[in-house]
Amino acid sequence: MKIIDKEDLDSFVADMIEKGEKEVVGVQEKGHKYAFQELKRAEDLRLDYDVTMLPPKKYFMPQREDLLEYEKDEDLSLEGVNEVVPRIIIGIHPYDLIAIEQMDRVFSDTYEDEHYLKKRKESVLIGVNMQEVSEWSFAASMGTATTDYGYDLMLTDLGDRYAIEIGSSKGSDLLERYCVDLKEAKSEDIESVEREKEKIKESFEKEFEFSPESLPWLMEQGYEKKEFWEEHAEDCYSCGSCNLVCPTCYCFDVQDISDLSLGGGKRTRKWDGCLLESFAVVASGENFREERSERYRHRYMRKGKYLYDMFGDIACVGCGRCSSHCVPDIADPTVVFNELMEEVR
Amino acid sequence: MSKKPKAAIFDFAGCEGDELQIANLEEQLLDLLNIVEVVSFREVMTEHSDDYDIAFIEGSVTRDHDAERLKRIRDNADIVVAIGACATIGGINSIRNTQDHEEVKQRVYGDKGDMFESWDKAKAVDAVIDVDYKVHGCPIDRDEFLHVVKSLVMGKEPNIPDYPVCVECKLNENVCAFERDEFCVGPVTRAGCDACCVNEGTICWGCRGLIDNPNEDAHMEVLEEYGLTPEEVMKKFSLYFNWQEEAREDE
């Protein structure tokens, strides 16, 4: 563990921006909310944020991206497109780091998705332990309030200085390249970091009333509780907001966009969401999840069981973005899962 | 469809803003004319022909004369496309649909109201003739218009979103209007505009009309929970949704 004075952290960040070898991204204010955005000045970095509107996943799986370009004369010619911007991403909370670990598995497990993986490989992740906790978050229940993995560097605020944990050579290279004034952490610094982490785990208002490890069982039991899902989904807009802000949702829609000559064009992909009415419509017009309640239930099945069955991960990291973005306020996983547990017991 | 389909653009009760969007395609206009032949477009050309494959209709329908003219267009065209909110959903013309017609006429024409024929309700084009496709918006989005033209020329179904504007606000990482203590109808309004109004810091007024299956009850409840009176809620819904609401009630 290393120690850096706060003002030296500022010059570390400023140096990365100035040298411009990689694009520097950090958490900044947007309206009265926060977002990961390109950092132009070190002083705009807000490491004391609660939660960003979108997770940093957007840098590896952009909202919209081109996959290939095609040209059709006598033959069809195809050329793959992958716009990779190497980035240093500063200020990722533990739950988002764990979500990125899950996405790494999703995009490399059965199929190597080079659009995701190349962007991911070219990125350096600098995490930060939470200084503010979102009122919607329940990360402690999910075991994601702190993390020992998933970062290249991890920062912890210790008042006048930051502790830096090194997670990879990508991280240590960065320190060597840009950081001038690093000190070794003393035993009291290491204890302070541990105390901070324990303090964070106690800071959540929302929590699960049972261990999330029993979610796959709960979802299996709860699947047939038709009335429960209908009642909870009654006010659902089917707007997909809960999907689109989720750090572990990864569905996308692929479309070919022709240019005006009609001879060529590009293939693109865009984020999609299983709450949207057209999500499960197939070519014949059949919709496999026509009812709001079926789509609503499906999201919880994905988070609590289906992805667990595939990859071994409970696909909810407790960031609380889904519930904070839900206008009718029906998407809080702690409410839904706790109430379902009551129902099933 | 023939190699280079013939297209005609017609206007009814509206501000011609959608036609202006087409005229404003500027550097793309010549490429567009390579794939369709425009035979009638009163706003930008004097020539006119009744021989066309695709008819684009702007404006809402407000009198018998309009309805007759529309039926002739329908007979001439293989494909009819309504463009812009007035044509697709009645648009702001149908704000008056819930008001006293005599008062409306008085407000607009003063004591000369009797000289003008007008239905007491402004209607969307598909209330009078069959419409094959709709390019929504007030005004239309130029890229979406081009997408529809390209699709029709290639014989493909145009891809028009049937999800709410919330989707595009999330993709653009906009701060939700409700989080800014404002109120919008984005959660029940059809996307496809890239949430352009909210991107600029305002709200969604609903110009692209209701999605096919909006959860209006939930949205009205939410608006009231956020402190709007029932009258204010109705006002939010009546700027663009009047005609659609009536059509849904008639179903």
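Q: How many helices and strands make up the secondary structure of chain B?
A: In this predicted model, chain B has eleven helices and five strands.

Q: Why is chain B called as compact as a globular protein of its length?
A: The globule rule takes 2.2 Å times the number of residues to the power 0.38. For 251 residues that rule gives 18 Å, and the radius of gyration of chain B is 19 Å, which is close, so chain B counts as compact as a globular protein of that length. Along the principal axes, its C-alpha atoms fill a box of roughly 55 × 50 × 30 Å.

Q: What makes a residue of chain B count as buried, and what percentage of the 251 residues do so?
A: A residue is buried if 20 or more other C-beta atoms lie within 10 Å of its own. In chain B, 43% of the 251 residues count as buried.

Q: What share of the contacts in chain B with a separation of 6 or more joins residues 24 or more positions apart?
A: The share is 75%. A pair is in contact when the C-beta atoms lie within 7 Å.

Q: What makes a set of residues a nonpolar core, and which members of the largest one touch the most others?
A: The members must be buried, belong to the listed residue types such as Ala and Ile, and be joined through C-beta atoms within 7 Å. The largest core has 152 residues, and those touching the most other members are A:Ile89, A:Ile126, A:Ala139, B:Ala55, B:Ile57 and B:Ile83. Beyond its neighbours within four places in sequence, A:Ala139 is in contact with residues including A:Tyr95, A:Phe204 and A:Val317.

Q: How is chain A divided into domains?
A: Domain 1 covers 2-63 + 74-201, and domain 2 covers 212-344. Their centres, taken over C-alpha atoms, are 26 Å apart.

Q: How do you know that domain 1 and domain 2 of chain A are in contact?
A: 24 residues of domain 1 are in contact with 20 residues of domain 2. On the domain 1 side, α2 (94-106) and α4 (139-142) of chain A each supply at least two residues. The largest share of that side, eight residues, comes from α2(A). By class, the side has 14 nonpolar, six polar and four charged residues.

Q: How many residues does the contact take from chain B and from chain A?
A: The contact takes 27 residues from chain B and 28 residues from chain A. Among the helices of chain B that each supply at least two residues to its side are α6 (142-154) and α9 (216-225). That side of chain B has 16 nonpolar, four polar and seven charged residues.

Technical notes:
Residues are numbered from 1 along each chain as its sequence is written. Chains are lettered from A and ligands numbered from 1 in the order in which they are written. This is a predicted model: local features need pLDDT of at least 70, side-chain atom pairs count only at pLDDT 80 or more; totals for chains, interfaces and linings use all residues. A residue is buried if 20 or more other C-beta atoms lie within 10 Å of its own, exposed if 12 or fewer, and partly exposed in between; C-beta atoms are placed from the backbone. Two residues are in contact if their C-beta atoms, placed from the backbone, lie within 7 Å. Domain bounds come from an automatic or database domain assignment. Helices (H or I, at least four residues) and strands (E, at least two) are DSSP runs, numbered from the N terminus. Ala, Val, Leu, Ile, Met, Phe, Trp, Tyr, Cys and Pro count as nonpolar, Asp, Glu, Lys and Arg as charged, and the others, Gly among them, as polar.
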